[in-house]
Amino acid sequence: MRLFLSLLLLFMQTPQAPDFARVDHAGSGNKPEVRFAFTNSGVSDAVLSLFGVPNSSGLNALSQVLPSAVSATVTTGDQPYAVAYNSTNNTVYITNSNAGTVSVINCTTNALITTITVGTTPLGIAYNSSNNRMYVCNNGGSSSISVINCATNTVIATVSAPDGSLNFVAYNSTNNNIYVTSADAAIYIFPMDCATNTFGTAITVGSIPIGIAYNSTNNRIYVANSVSDNVSVINCVTNAVIATITVGNEPYNLAYDSAGNRIYVTNITDNTVSVINCTTNTVSTTITVSGDVEYGIAYNVLNNVVYVSLRSNGS
């Protein structure tokens, strides 16, 4: 099988200072899937995580790439799934869903630093910059969150999930909580206090919540409900849903545009991207994509561009 990857550039407003964007989410099965994480270099490099597709040498790999060319390939564990960037030590962390591990890559040298054993079937991952920790969603077995101390690259806590199989996660820097989606808990997401590592009360959203993103401008969490074809907006002060926004067919992943205060939503069945105005919580436009919209989407604050991965099956 060959992998055909295109990057759709959605141009927006004025660039901001260098920062990082990440994609914590992806689909399932053995189709080619790509996730992004932007490192300190901003537009000059990004990190791709390939899931379910071996590279040309037959290895699952993490590739550090320019927008148009691969500059390095680093071997990781079995079926790398999601990727998050650590802005404190300039590393990326990749969940390996079949191996039950997380690979840590040095972004300066592109070298594998270490491999950390976590729970069964790790999927989503998010970075907490206030305590320099990674939070990993373990989907299989006894569903849980693994908490990684990034100074020592060791698991310092394993928190049992209240219900269901955890999928994807977003970190709220205002209240120091993570918010986690669960496929089994078909209409709920769960907040967890990072100070105490305890889960709070479940929040009712739409059907089969998958992608999740935090808007630091308005302190809201946005959740893509893949079956009900809408996005739930959660007020993180009250942890209550304050709006439900109809988007395209099978919304899957989200990216937050901090410059324009917008959320970009991939709709994987109708190959569109819905753009949500976060001031009004309405869809301001829908972008039709020439190609198969995939799960990967990320915002790069350095050049004020959203990147969307496109997929087609080869032979």
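This is a predicted model: local features need pLDDT of at least 70, side-chain atom pairs count only at pLDDT 80 or more; totals for chains, interfaces and linings use all residues.
## A walk through the strands, hairpins and cores

Start by selecting I94, which is buried because its relative accessibility is 0%; buried means under 20% relative accessible area, with exposed over 50% and partly exposed in between (1.4 Å probe, protein chains only). I94 sits in strand 7, residues 91–96. Strands here are DSSP runs of E, at least two residues long, numbered from the N terminus.

Residues are numbered from 1 along each chain as its sequence is written, and side-chain values use heavy atoms, with hydrogens and water left out.

**Stop two: the cores.** Select Y93, I189 and I221. In the largest nonpolar core, which has 43 residues, these three touch the most other members. A nonpolar core is a set of buried Ala, Val, Leu, Ile, Met, Phe, Trp, Tyr and Cys residues joined through side-chain atoms within 4.5 Å. Strand 27, residues 293–300, gives the most to this core, with four residues. There is also a second, separate core of 17 residues; C137, V169, Y171 and M192 are among its members. As background, nonpolar side chains tend to be buried together in soluble globular proteins.

Which residues is I221 in contact with, leaving aside its neighbours within four places in sequence? Show A170, Y179, I189, I212, A213, Y214, S232, V233, I234 and C236 to see them. Contact here means heavy atoms within 4.5 Å. C236 in that list is buried because its relative accessibility is 6%.

Zoom in on strand 19 and strand 20 (residues 220–225): they run antiparallel and are joined by five bridges.

**Stop four: strand 11 and its two partners.** Select residues 133–138. This is strand 11, where five of the six residues are buried. Strand 10 (residues 122–128) pairs with strand 11 in the antiparallel sense over five bridges, and Y127 stands opposite M134. Four residues lie between the strands of that hairpin, in which N132 takes a positive phi near 55°. Strand 12 (residues 144–149) also pairs with strand 11 in the antiparallel sense, over six bridges; look for N138 opposite S144. This hairpin has five residues between its strands, and G141 in the turn has a positive phi of about 60°.

**Stop five: strand 14.** Move to residues 166–172, where seven of seven residues are buried. Five bridges join strand 14 to strand 15 (residues 177–182), and the two run antiparallel. Click Y171 and I178 to see a pair of bridge partners. The hairpin has four residues between the strands, and N176 there takes a positive phi near 55°.

How many salt bridges does the structure hold? There is one, counting a side-chain nitrogen of Lys or Arg within 4 Å of a carboxyl oxygen of Asp or Glu. Select D257 and R262: their closest N and O atoms are 3.0 Å apart. D257 counts as buried because its relative accessibility is 0%, and R262 does so at 16%.

Next, select N261, in the loop between strand 23 (251–257) and strand 24 (262–267). Its phi is near 55°, a positive value in a residue other than glycine. N281, in the loop between strand 25 (272–277) and strand 26 (282–288), has a positive phi of about 55° although it is not a glycine. N261 is buried at 14% relative accessible area, and N281 at 17% relative accessibility.

**Last stop: the cysteines.** With a disulfide taken as a pair of cysteine sulfur atoms within 2.5 Å, the count is zero. Finish on C107, which is buried because its relative accessibility is 9%.

Terms used. Two strands pair if DSSP finds at least two bridges between them.
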